[in-house]
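User: Can you walk me through this one? I'd like the sheet and the charged pairs.
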Amino acid sequence: MLSLPKTFSSDDTTSLFESITNDIVDKGYSIRPYALPEHLAQLLLQHVTMLDEEKFKRAGIGRANDHVVNDFIRTDEICWITGNSEAGSAWIKWSESLRVYLNRHLFLGLFSFESHFAHYAKGDFYKTHTDAFKGEGNRMLSVVVYLNQYWLPDDGGELVIYDKQQSTSAVIDNSVIKVTPNFGTIVVFLSEEFPHEVLPAKRDRYSIAGWFRLNNSIANNIDPPS
């Protein structure tokens with residue numbers, strides 16, 4: 001059984017968090033290939049591939065009463081991550097370390113974190129969308145981590161990020177960023193600012209999608225992740 005140290009205070013982790021922070025300041029997004037600590041990536045991969053099928057539910061769009069399943073928009077399935085497993089607890093601890101670092105250096109006021117495993121079977125996709133509606137202040141930063149070993153260029157399933165700040169031309173389109181879902185790759189971006197999509201996968205594709213949220217509490221009622 002793989003195990004993790006109690007803290008993530010290594011120089012490598014600090015350097016990674018610093019790079020992500022600098023990228024967010026410079027571009028609004030960060031792409032760090034093979035950057036998730038190897039022991040954590042392996043633990044998460046082991047866990048997600050051993051989960052019972054019934055743990056995964058069809059993903060939908062919208063929240064609360066507006067939540068619906070729409071096969072035209074997305075066809076993946078998800079399993080929310082809790083601290084009830086060794087892998088889930090380790091992932092939450094690592095994410096909390098990142099939250100603390102980002103708040104300390106960018107003063108973002110990130111309050112909570114929610115995340116789920118995502119499974120894209122062959123042919124599954126998620127069409128262009130944003131993770132937060134402008135001005136609502138719910139999701140501030142999106143985090144994606146990939147858990148796919150030996151992914152080949154022909155396997156598809158790329159994340160496509162559309163950078164509205166970059167100009168486009170008929171020759172070179174700098175506004176489109178494609179990310180291959182390679183094992184341990186970390187992507188972080190401002191949730192309101194970057195529309196994105198997942199292209200159809202040609203084999204099973206596993207990832208984690210998560211969001212750092214602000215506290216939208218009203219009258220001292222805490223606004224929890226949902």
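Analyst: This is a predicted model. Strand E4 (residues 112-120) and strand E11 (residues 205-213) run antiparallel, joined by 9 bridges.

User: Which residue in E11 does Phe117 stand opposite?
Analyst: Ile208.

User: And what packs on the sheet there?
Analyst: Helix H3 (residues 86-106) does. The helix touches E4, strand E6 (139-146), strand E9 (186-190) and E11. The direction of H3 makes about 40° with that of E11.

User: Zoom out. What's the strand order in the sheet?
Analyst: E1-E9-E6-E11-E4-E3-E2, with antiparallel pairing. That is an open sheet of 7 strands. Its edge strands are E1 (29-32) and E2 (57-58), and each pairs on one side only.

User: Switching topic. How many salt bridges are there?
Analyst: The structure holds 6.

User: Is Arg99 buried or exposed?
Analyst: Buried, at 17% relative accessible area, because the cut-off is under 20%. Glu96 is partly exposed at 37%.

User: What about Arg32, who's its partner?
Analyst: Asp23, with the closest N and O atoms 2.9 Å apart. Arg32 is partly exposed at 27% relative accessibility, whereas Asp23 is buried at 10%.

User: Which pair has both residues buried?
Analyst: Arg74 and Asp76 are both buried. Their side chains form a salt bridge, 2.8 Å from N to O.

User: Which residues are linked in a network?
Analyst: Glu114, Arg139 and Arg213 are linked by salt bridges.

Definitions and conventions:
Residues are numbered from 1 along each chain as its sequence is written. This is a predicted model: local features need pLDDT of at least 70, side-chain atom pairs count only at pLDDT 80 or more; totals for chains, interfaces and linings use all residues. Side-chain values use heavy atoms; hydrogens and water are left out. Two strands pair if DSSP finds at least two bridges between them. Helices (H or I, at least four residues) and strands (E, at least two) are DSSP runs, numbered from the N terminus. Contact means heavy atoms within 4.5 Å. Axes are lines fitted to C-alpha atoms, for helices over the stretch in contact, and angles run from 0 to 180 degrees between N-to-C directions. A salt bridge is a side-chain nitrogen of Lys or Arg within 4 Å of a carboxyl oxygen of Asp or Glu. Buried means under 20% relative accessible area, exposed over 50%, partly exposed in between (1.4 Å probe, protein chains only).
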